[in-house]
Amino acid sequence: MESRYAPKNIEKKWQDWWERENLFAVKEDPQKKKYYLLEMFPYPSGRIHMGHVRNYSIGDVMARFLRMNGYNVLHPMGWDAFGMPAENAAIKANTHPARWTYENIDYMRVQLKKLGFSYDWSREFATCDVSYYRWEQMIFLKMYERGLAYRKASYVNWCETCHTVLANEQVEGGACWRCDQPVIQKEMDQWFFKITDYVEELLDYTTRLPGWPERVLTMQQNWIGKSTGSRILFPLASGDGSITVFTTRADTLFGATFMSLAPEHPMVERLCRGTPQERDVLSFVERAKLAKRSDREAEFLEKEGVFTGGHCINPMTGETMPVYVANFVLMEYGTGAVMAVPAHDQRDFEFARKYGLPIRVVIVPQGSSEVPRAEEMDAAFEEDGVLVESGAFSGLTSSEARNAVTRALKEKGLGDFTVQYRLRDWGISRQRYWGAPIPIVYCEDCGIVPVPERDLPVVLPTDVALLPNGASPLPVHEPFFKTRCPACGKPARRETDTMDTFVESSWYFARFACADHHSAPLDLERVGYWLPVNQYIGGIEHAVLHLLYSRFFTKVLRDMNLLQIDEPFENLLTQGMVIKDGAKMSKSKGNVVDPDEMIEAYGADTVRLFCLFASPPEKDLEWSEQGVEGSFRFLSRIWRLVAENRQALLATQPFAGGNGLPEDLALLHRKTHQTIRKVTEDIRDRFHFNTAIAAVMELVNQIYQLLDSPGKGTQRDFWPVMREAVENMVLLVSPIVPHIAEELWSVLGHGGSVLNEPWPTWSEDALAADEVLVVVQVNGKLRSRIMVPADAGKEAMEQAALCDPRILEFIGGKQVKKVVVVPGKLINIVV
RNA sequence: GCCUGGGUGGUGGAACAGGUAGACACAAGGGACUUAAAAUCCCUUGCUCCACGUGGGCGUGCGGGUUCGAUUCCCGCCCCAGGCACCA
C-alpha cells in the first residue's frame with residue numbers, strides 16, 4: 001500500500017472491477033424491499049457540469065446507503081436526448097443532430113463512470129432511440145383515441161429565433177425559456193394534450209404529497225390557479241346574443257356599469273361593425289395585440305380602451321351598459337370579457353375615471369352605515385363587506401350575496417356557479433426536426449387520420465439536410481411527408497411537427513423499470529414492482545414544467561392500464577444550484593468549473609465529497625477550490641490512518657464489546673457508535689450529508705488523538721478498539737467516497753465490495769456512559785459544568801449543582817426561588 | 001400586490017423535540033519538523049472589557065412578548081432570494 005493517497009492509482013481500478021463484477025445491476029426480487037431512486041436524467045449537451053455532479057452525487061450516496069441497508073435499489077440513468085440544441089449545434093458544426101447527440105452521450109457516459117456512480121447501465125436508453133419514442137407514439141395514439149390529444153387552431157406562443165411554438169409553461173415573463181427572445185402570438189393549428197381533464201386531480205394531490213417540498217407544491221398550485229366564481233351572461237342591447245363573463249365577485253353585479261372585452265374577443269368586430277367607431281376600434285385592437293406580451297414588464301402600462309359602439313344589459317339592474325375594448329383584458333383567462341365594477345375594482349376604477357364612466361358603490365365595509373360618494377373616492381374598495389343599493393340583496397354580506405345573486409341568475413338562465421383555472425391544455429406541437437414525430441396523417445378526404453399501431457414507429461428520417469435558419473426540414477423532405485392515407489389509401493401528407501421534448505421526460509422513469517420490453521410501452525409486472533419512484537432528485541427549475549407534466553402522464557397511463565399508481569414520485573428532493581463567486585456558473589460569466597479538470601486534479605472521491613460537505617443539498621453550493629483541497633486533505637488523512645497502522649490493525653480483530661475498557665478506549669468505542677448513529681440518521685432521515693461527514697471527521701480526529709497518546713498499543717484492547725473505529729469509519733464513508741472506501745476495505749483484509757457489506761449498526765450499550773456532563777445555570781446564564789452519574793435523579797442533580805463552589809459563589813447567599821432540572825442535561829437555579 | 005423560502009463569526013455551514021450558540025471545515029495568525037520548500041503536526045481565532053481567570057458583559061436582521069430559559073414559539077417591522085401576477 002502506498003503511503004500517499006493517490007486517487008489516480010485506485011479509482012479506475014475499482015470502476016473496472018465494479019463493471020466486471022456487474023455490481024450495480026438489479027433484478028426484481030419479491031423477497032427484498034424495493035427502492036427506486038432516480039435523479040433527473042441529463043440533456044446530452046456535450047459535457048457533464050457541476051450541477052449534474054452534485055445532483056448525481058446526492059443520488060449515489062442514497063443508492064449505496066440504501067443498498068447496504070438491504071434494499072433492492074433501482075438506480076438507472078439515461079438521456080433526455082431530443083431537443084433543439086442538437087439541431088443548432090449540428091447546423092453550426094455541419095454535422096447531424098443524431099451524430100452530435102450520440103457522440104455526446106458516449107462522452108458523458110464515460111464522465112459519469114469516472115465519477116463512480118452506481119447506475120445499472122443495462123437499463124440505459126436515450127429518448128431519441130426509436131425503441132423509446134415508438135412507444136411514445138403509441139401512447140399518443142391511445143391519447144388520441146380517448147380525446148386526450150386533439151388538434152385545434154389557437155393563438156400560440158411563437159419564438160421567431162427558435163422557429164417553433166412554445167407551451168405556456170415555457171414562456172417566462174413574455175420571453176422564450178431557451179433563448180430569452182420575446183415571444184409573439186401567432187394563430188396556428190396545433191396538437192394539444194388535455195391536461196385540463198386532470199386539473200382537479202392534479203390540484204387535489206398537491207395536498208397529498210407529504211414527501212414533496214412545500215414550495216414546489218405551492219408553485220404548482222399557483223400554476224393551476226383555481227378560482228371559484230360565477231359565469232354571468234349579459235344580453236346584447238340590440239340583436240341576439242350575449243357576452244359571458246367570469247367573475248369571483250357576483251356580489252358586485254349591481255355596481256357593474258360597463259363591460260370590457262379583450263382585443264381578441266370575437267364580439268369586438270361584430271359590435272363595432274358599421275358604427276362610427278369602427279375604424280378607431282380596429283386600429284386600437286391592432287395596436288393592443290402588438291403590445292401584448294412583448295412588454296410584460298411594463299408594470300405601469302397605461303390602461304386604455306375604446307368604446308365599441310355596442311351595449312349590453314346588466315342582467316340584474318336591467319340597465320344598459322356600454323361595451324369597451326380594453327388593453328388589460330386577457331383573452332386567455334376566463335372568457336376574455338370582464339364586467340367592470342369601478343367602485344370595487346382598482347383597474348375598472350382607473351378606467352372609469354379616465355373615460356368618464358359611472359361609478360356606483362354597492363359594497364360598504366361591515367358596520368359602516370355611510371355610503372361613500374363616488375366622486376370623492378380615490379381608490380376602489382376591493383374588500384368584502386355588506387351590500388347596499390342592490391335591490392333585494394341589500395344588507396347581505398359579500399359571501400352570502402355571491403351565492404344568492406348567482407342562484408337568482410341561474411333561475412333566469414343568465415348565469416351559474418363555475419370554476420376557472422389558469423392552467424391551459426398543453427400544446428405539444430413543435431415545428432422542429434429533432435423530436436419524436438407525431439403519428440398522424442392528413443388526408444384530403446378523411447381528414448385527420450391516426451397512424452395505425454401496426455405501422456409504428458413513424459421513424460424520424462436521418463437523411464435530411466438541415467436548413468440554416470433552423471426551420472424543420474421535414475415539411476420539405478418528400479420521402480417523409482409523402483404517404484398514403486391509412487384509411488382510404490389515397491396519397492396523403494404526414495404530420496411534420498414533432499412532439500415537445502417534455503413528452504419524453506414525462507414517462508421515462510416508468511420505462512427504466514423495463515427498458516428492454518419490446519411488445520408494449522411498459523411491462524405491467526416489472527413496472528408494478530418498481531414504481532412509484534421512491535425518491536426523485538433534481539433541480540428546482542423543473543418545479544412546474546417537467547414535474548407537472550410527469551404527474552399528468554402518470555394519471556393518463558394509469559387510466560390506460562399501463563400503470564397502477566396515481567403519482568410518479570413519492571418523495572422529491574430539489575437540490576440547489578452550484579454557484580461560483582456568488583453567481584450561477586455560466587460561460588458568459590466565465591466562472592465555470594469543469595468536472596473533468598477537478599477529477600483529474602483531485603480524483604472523483606474528492607469532488608463528490610466536496611459537493612456533499614459544503615452545504616446541505618437543498619441549498620445553493622458555493623464552489624471553493626480551497627474547500628476542495630480541504631476535502632482532499634481529509635481523504636489523505638484517512639488514507640494515512642490505514643497506511644501507517646496497517647500491520648497492527650491486520651493483526652487483530654475488531655473490538656466485540658464488553659466492559660472494563662480503560663477510559664480513553666471507552667471514549668473512542670463510544671464515539672464510534674455515536675458516529676454510526678449520527679451518520680445513519682443524517683443520511684436516512686434528512687439527506688444532511690454535510691453533518692454526517694462532519695461527524696466522521698470528528699471520529700477521525702479522535703482516532704488520531706488516541707494514536708498520539710502515550711498509551712498507544714500498550715493496552716490490551718487498544719488495537720481491537722482501533723480496528724472497530726477504523727473499519728466502521730470506512731463503511732460509513734463508503735457511499736460518499738466509494739473508491740477509497742473499497743481500497744481501504746480490501747487493505748484491511750476483506751474480499752468483496754463494501755457495497756455488499758451490511759450498513760453498520762450502533763449498540764445502545766456502547767452509547768451509554770457512566771457519567772455525563774451537565775450544565776448549571778443561575779438565572780438562565782451558564783455558570784458551571786459538572787459531571788454527574790448518567791442515571792442521577794433530579795434531586796441528586798440539584799444537590800450536586802448546589803454543592804458546586806462556583807455556583808455557591810453566584811448564588812451568593814441569595815434566596816433560591818426555584819430549581820429547574822432537565823435530567824442528563826441541565827440545571828437552572830433561579831434566585 | 002399575493003405565495004413560498006431565508007437572514008447565525010472573516011467564509012461555507014452546525015445546533016434534528018425551547019435547554020452549553022458557533023460542531024465540522026475553509027481562511028487568517030503564531031509555532032514545531034526541514035539547509036529550504038512542499039507535505040504533516042500543534043496552538044489561537046464571534047465582539048468587547050479586565051485583576052488573564054473553569055473571569056465579566058454583549059451577541060443568531062430589528063422591536064416587543066411568552067418562558068426558569070428563545071437562533072428555535074407568538075406579535076409587529078426591515079432586508080434578500082425564488083415563484084405567480086392587469087387572473088376579473
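**Sheets, helix packing and burial in a predicted model**

In strand S16, Phe417 is the bridge partner of Ser230. Strand S8 (residues 227–235) and strand S16 (residues 415–420) are joined in the antiparallel sense over 6 bridges, where two strands are taken to pair if DSSP finds at least two bridges between them. Helices (H or I, at least four residues) and strands (E, at least two) are DSSP runs, numbered from the N terminus. Residues are numbered from 1 along each chain as its sequence is written, while chains are lettered from A and ligands numbered from 1 in the order of writing. The model is predicted, so that local features need pLDDT of at least 70 and side-chain atom pairs count only at pLDDT 80 or more, with totals for chains, interfaces and linings using all residues, and side-chain values use heavy atoms, leaving out hydrogens and water.

Chain A contains 25 helices and 32 strands. Its C-alpha trace spans about 110 × 85 × 50 Å along the principal axes. Of the 831 residues in chain A, 56% are buried, that is, under 20% relative accessible area, with exposed meaning over 50% and partly exposed in between (1.4 Å probe, protein chains only). Among the contacts in chain A (heavy atoms within 4.5 Å) with a separation of 6 or more, 72% involve residues 24 or more positions apart.

Strand S8 also pairs with strand S9 (residues 242–247), to which 6 bridges join it in an antiparallel arrangement. Ile232 has Val245 of S9 as its bridge partner. The hairpin of S8 and S9 has 6 residues between the strands, and in this hairpin Gly239 takes a positive phi near 85°.

A further open sheet comprises 4 strands in the order S11-S12-S10-S13, with mixed pairing. Strand S11 (305–313) and strand S13 (337–340) are the edge strands; each has a single partner strand, so one side of each is left without a neighbour in the sheet. On average, and ignoring direction, neighbouring strands of this sheet are turned by 30° against each other; axes are lines fitted to C-alpha atoms, for helices over the stretch in contact, and angles run from 0 to 180 degrees between N-to-C directions. Within the sheet, strand S10 (residues 258–261) pairs with strand S12 (residues 320–326) in the parallel sense over 3 bridges. Leu261 has Val325 of S12 as its bridge partner. Helix H10 (residues 346–355) lies across S10, S11, S12 and S13 and runs at about 100° to S12.

An open sheet of 3 strands has the order S27-S26-S28, again with mixed pairing. Strand S27 (583–584) and strand S28 (621–622) form the edges, each pairing on one side only. Strand S26 (residues 578–580) and S27 are antiparallel and share 2 bridges; the partner of Lys580 in S27 is Ala583.

Two helix pairs illustrate packing. The axes of helix H3 (residues 84–93) and helix H4 (residues 97–114) come within 8 Å and cross at roughly 110°. H3 is therefore roughly perpendicular to H4 (angles of 65 to 115 degrees count as such, under 35 as roughly parallel, over 145 as roughly antiparallel and the rest as oblique). Pro85, Ala86, Glu87, Ala89 and Ala90 of H3 meet Pro97, Trp100 and Thr101 of H4. These contact residues comprise 6 nonpolar, 1 polar and 1 charged, with Ala, Val, Leu, Ile, Met, Phe, Trp, Tyr, Cys and Pro counted as nonpolar, Asp, Glu, Lys and Arg as charged, and the others, Gly among them, as polar.

Helix H7 (residues 214–224) packs against helix H15 (residues 545–559) at an angle of about 75°, with the axes 10 Å apart. H7 and H15 are therefore roughly perpendicular to each other. Val216, Gln220, Trp223 and Ile224 of H7 contact Leu547, Leu548 and Arg551 of H15, a set of 5 nonpolar, 1 polar and 1 charged residues.

Helix H22 (residues 738–747) is mostly covered, with 9 of its 10 residues buried. The buried residues include Trp745 and Val747. They pack against helix H1 (7–21), helix H2 (50–68), helix H17 (604–613), helix H18 (625–650) and helix H21 (718–733). After H22 comes Gly749, with a positive phi near 95°.

Asn69 occupies the loop between H2 and strand S2 (72–74). Asn69 counts as partly exposed because its relative accessibility is 35%. Although 688 residues separate Asn69 and Glu757 in sequence, their C-alpha atoms are 8.8 Å apart in space.
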